[in-house]
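Dear colleague,

Here is the structure I promised to pass on to you, with the sequence alongside.

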Amino acid sequence: MRAWLALFSAIAFEVTGTLTLKLSALHNHNAGVLVTYVFLALSYALLSVAFRRIPVAVAFAVWEAVGLALVTVAGVVLLGEQLSPMRVLALAGLGLGAWLLHGGTAPVASKVILRKALPTLPVFTSRAQS
């Protein structure tokens, strides 16, 4: 549960940072760029926390799809940007992709699999035999 909280917090920081960058560009405020860097750094830090429990493909797909959807909606609502049918279709495709990745990913103990696989790799067996 904490991993999902970290993931959605990462999305919130990413969306806020992106909107801050857009607003600072519109109003020529250089301080907005610094705020954007801080928010995006926090976003990536929280995303790395989510990666500890959520498969990387799922976490990144959800982060990207939800983030893009929220930035698009905020652009329409707050900035008066246009929402064309093609953009709606693209957002639906992103959402569908994230949903499919989530549904097709079984919980995996990746550390256990990695520990079992590493000794059998040629790099490790050649060192062990020499």
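Predicted model: local features only at pLDDT ≥ 70, side-chain atom pairs only at ≥ 80, totals over all residues.

Helices α1 and α3

Helix α1 covers residues 2-27 and helix α3 covers residues 56-79, and their axes come within 9 Å of each other while crossing at roughly 40°. That angle makes α1 oblique to α3, and the crossing of the two is right-handed. On the α1 side, the residues that make the contact include Trp-4, Leu-7, Phe-8, Ile-11, Glu-14 and Lys-22, while on the α3 side Val-62, Trp-63, Val-66, Gly-67 and Leu-70 are among them. By residue class, the contact of α1 with α3 divides into 18 nonpolar, 2 polar and 2 charged residues.

The nonpolar core

The largest nonpolar core has 17 residues, and those with the most contacts inside it are Leu-7, Ile-11, Leu-47, Ile-54, Val-62, Trp-63 and Ala-98. The elements that give two or more residues to this core are α1, α2 and α3, and the largest share, 7 residues, comes from α3.

Ser-43 lies in helix α2 and has a relative accessible area of 0%, so it is buried. Leaving out residues up to four places away in sequence, Ser-43 touches Ala-10, Phe-13, Glu-14 and Trp-63.

Leu-21, which is found in helix α1, is partly exposed, with a relative accessible area of 40%. Once its neighbours within four places in sequence are set aside, Leu-21 is in contact with Val-33 and Thr-36. Leu-21 and Val-35, for their part, are 14 residues apart in sequence, and their C-alpha atoms are 8.1 Å apart in space.

Ala-31 belongs to helix α2, which spans residues 31-51, and here the relative accessible area is 56%, so that Ala-31 counts as exposed. Ala-31 and Thr-20 are 11 residues apart in sequence, with a distance of 9.6 Å in space from C-alpha to C-alpha.

With best regards

Notes: Residues numbered from 1 in each chain as written. Heavy atoms only, no water. Axes fitted to C-alpha atoms, helices over the stretch in contact; angles between N-to-C directions. Helix = DSSP H or I, 4+ residues; strand = E, 2+ residues; numbered from the N terminus. Parallel < 35°, antiparallel > 145°, perpendicular 65-115°, else oblique. Left-handed = near helix turned anticlockwise from the far one by under 90°. Contact = heavy atoms within 4.5 Å. Nonpolar A, V, L, I, M, F, W, Y, C, P; charged D, E, K, R; others polar. Buried < 20%, exposed > 50% of the residue type's maximum accessible area, 1.4 Å probe, protein only. Core = buried A, V, L, I, M, F, W, Y, C linked by side-chain atoms within 4.5 Å.
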